[in-house]
Amino acid sequence: MRVRLIGKYMLAYAVAVADDLFKALADPTRRTILDELTDTSGQTLFEICARLSMKHQLGISRQAVSQHLAVLEAAGLVETRREGRYKFHDLNTAPLRQIAERWLAPDRSGPEESSP
Amino acid sequence: MKIHLTSVFVDDQAKALQFYTEVLGFVKKHDVPVGEKDRWLTVVSPDEPGGIELLLEPAGHPAVKSYRDALTEDGIPLAQFAVDDVRGEYERMRDLGVRFTQEPLDMGPVTTAVFDDTCGNLIQIATLPQ
């Protein structure tokens, strides 16, 4: 059984989650980061930076990559995992299902998000 | 001017010497007592016994821990060593229990991997174009 999101607060929450997701996907560098995490999940910041510069000739600073990762993490697309002294970044594709469910397989029982 | 020595900080010099010789295959060049317990301890590549020395330097200075912790968290290596075959070395070392934070990765002409030297550092190995 599926729980329907009802009420103003839940609608606002769904809108905010969708905003974070689409904002995260709107940037080509962030999409490239997702491509590389699709190739190998569980990368250090160093490896992500190396892939962007060496494989994609993207000359961006480590700080900028960190900020991109923070946006991806806010959208739930990237999760960080501490393991001993290291920090790894994992891909989480679960939020992308919102896109599929909204347009490709919509729930006909009622809208989850109202457009302003 | 030329580079004849470089260094990595190590938590424990005896343990470091063991790892750098028995696992990585370097040979001891100098081992001179300095002060109460520290040693001037260097290793070289067996391929170049007269080449660049690597100093296994005591990590006693209070700044070393925060410096290395911050770099290690982000996966940043503190030295790079050249090998003929990164993938072969990766498999050999992994079978010896060495922890890699980056598996072999082809980046154009260069292949690299990053491992933990068990003495507090991440080290990168690279196969460079001939």
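# Salt bridges, chain folds and a pocket

Colleague: Is B:Lys65 buried or exposed?

Modeller: The relative accessible area of B:Lys65 is 57%, to be read against cut-offs of under 20% for buried, over 50% for exposed and in between for partly exposed (1.4 Å probe, protein chains only). The model is predicted, with local features needing pLDDT of at least 70, side-chain atom pairs counting only at pLDDT 80 or more, and totals for chains, interfaces and linings using all residues. Residues are numbered from 1 along each chain as its sequence is written, chains are lettered from A and ligands numbered from 1 in the order in which they are written, and side-chain values use heavy atoms, leaving out hydrogens and water. With 57%, B:Lys65 is therefore exposed.

Colleague: Which residues are joined into one network by salt bridges that share partners?

Modeller: Over all chains, the search of the whole structure finds 17 salt bridges. Those that share partners build one network from A:Glu36, A:Asp39, A:Glu47, A:Arg51 and A:Lys55.

Colleague: How many residues apart in sequence are the parts tied together by A:Asp39 and A:Arg51?

Modeller: The side chains of A:Asp39 and A:Arg51 form a salt bridge with an N to O distance of 2.9 Å. A:Asp39 belongs to helix α2 (residues 28-39) of chain A and A:Arg51 to helix α3 (residues 45-54) of chain A, so the parts that the pair ties together are separated in sequence by twelve residues.

Colleague: What pattern does chain B follow along the sequence?

Modeller: Chain B contains three helices and eight strands, and 42% of its 130 residues count as buried. Along the sequence, these elements of chain B give the pattern β-α-β-β-β-α-β-α-β-β-β.

Colleague: In what order do the elements of chain A run from the N terminus?

Modeller: Chain A contains five helices and two strands, and 33% of its 116 residues count as buried. Starting at the N terminus, the order in chain A is α-α-α-α-β-β-α.

Colleague: How many residues of the lining of the largest pocket are nonpolar?

Modeller: The lining consists of 35 residues, and B:Phe26, B:Ser45, B:Phe81, B:Ala82 and B:Val83 lie nearest the centre of the pocket. Elements of chain B that give two or more residues to this lining include β1 (5-10), β3 (38-44) and α3 (86-95). Counting Ala, Val, Leu, Ile, Met, Phe, Trp, Tyr, Cys and Pro as nonpolar, Asp, Glu, Lys and Arg as charged, and the others, Gly among them, as polar, the lining has seven charged residues, nine polar ones and, as nonpolar residues, 19.

Conventions: 1 Å grid on protein atoms, 1.4 Å probe; cavity = no way out; pocket = protein on both sides within 12 Å on 5 of 7 lines; lining within 4 Å. Helix = DSSP H or I, 4+ residues; strand = E, 2+ residues; numbered from the N terminus. Salt bridge = Lys/Arg side-chain N within 4 Å of Asp/Glu carboxyl O.
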